[in-house]
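Please examine the sequence and the structure shown below. The briefing that follows is arranged by topic.

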Amino acid sequence: MSAADQDRNRAGVTVAWRDLWTETAGVVGDRAQARWLCEVASASIDGDDFLARLDEPATVRMVAHLDSMVARHRAGEPLQYVLGEWSFRHITLAVDRRVLIPRPETELVAEVAIELAAGVGLDRTVADLGTGSGAIGLSMAFELPHHDTVVWITDASADAIDVARANLAGIGPAAANVRVAHGSWYEALPDGISFDVIVSNPPYVAVGSPDLEAAVGDWEPASALFSGADGLDDIRILAAGASGRLRPGGALVLEIGADQGRAVEDVLAAAGLVEIEVRPDLSGRDRVAIARRPI
């Protein structure tokens with residue numbers, strides 16, 4: 001935000017949100033991003049609420065908040081963390097540096113898991129392991145029929161569990177169907193329960209990978225990114241334990257790296273899983289691996 005705007009506010013001269021939006025766009029170089037920043041700073045309920053307030057003056061505190069967010073973003077902090085929230089499919093999630101930023105690729109993973117779970121019929125039980133912000137698991141709870149559905153969300157990170165719990169309220173009545181557990185992969189799940197669908201966006205980046213974007217490595221939690229020398233350590237654990245936790249015919253759905261399709265197929269086959277399939281993302285790259293426990 002310009003020094004002139006700050007001086008005007010300190011002097012008691014008000015600035016309308018329409019003007020602040022334009023100035024912010026000039027600073028960050030993107031009008032859509034500027035609008036999102038202004039929406040949060042103005043405490044607008046949603047985009048329509050913000051547009052209805054364009055000619056209203058911003059308070060000194062709101063301008064200070066906007067200044068702070070713009071400065072953080074210009075210093076390299078991802079916009080999602082600066083805003084403190086991000087949309088994922090049909091829900092909005094609180095996000096910060098304790099969890100990965102929800103991405104469009106993961107929305108595809110959620111879509112596959114939801115479709116498979118919806119096909120089960122009545123009395124479906126599903127799990128999202130390594131849930132992070134809760135993106136996949138809470139989307140499943142929100143989009144699947146609210147009757148006869150139980151969704152377990154788990155994570156080995158207590159910080160991530162805190163974020164996921166905070167996001168529970170955002171899915172309304174469907175939150176009653178969600179069970180939260182702290183622990184590593186299958187160890188977090190209670191004994192005696194078999195699942196129709198188990199889904200995960202596990203760490204799958206190889207340690208030292210030159211392909212990881214600098215902003216991702218600098219800001220997002222390393223424990224949710226890296227998984228051994230080839231990026232497959234956690235996928236091996238998930239594959240090996242799947243048959244012990246899935247019902248006969250139940251499905252394991254994994255997000256994988258863009259060049260891991262063949263290697264993941266081999267891991268899933270070695271674990272005794274069948275009907276193995278790798279689906280591409282919108283860019284045509286490997287992204288979603290699916291396998292089933294034999295009937």
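Phe142 is partly exposed, with a relative accessible area of 33%; this class lies between buried (under 20% relative accessible area) and exposed (over 50%), using a 1.4 Å probe and protein chains only. The model is predicted, so local features need pLDDT of at least 70 and side-chain atom pairs count only at pLDDT 80 or more, while totals for chains, interfaces and linings use all residues. Residues are numbered from 1 along each chain as its sequence is written, and side-chain values use heavy atoms, with hydrogens and water left out.

**Phe142 and helix α8**

- Phe142 belongs to helix α8, residues 135-143; helices are DSSP runs (H or I, at least four residues) numbered from the N terminus.
- Beyond its neighbours within four places in sequence, Phe142 is in contact (heavy atoms within 4.5 Å) with His90, Ile91, Ile171 and Ala174.
- Seven of the nine residues of α8 are buried, so this helix is largely enclosed by the rest of the structure.
- The buried residues of α8 include Ala135, Ile136, Gly137 and Leu138.

**Packing of α2 and α3**

- Helix α2 (residues 17-28) packs against helix α3 (residues 31-41) at an angle of about 130°, and their axes are 8 Å apart; axes are lines fitted to C-alpha atoms over the stretch in contact, and angles run from 0 to 180 degrees between N-to-C directions.
- Among the residues making the contact are Trp17 and Leu20 of α2 and Ala34 and Leu37 of α3.

Definitions and conventions: Helices (H or I, at least four residues) and strands (E, at least two) are DSSP runs, numbered from the N terminus.
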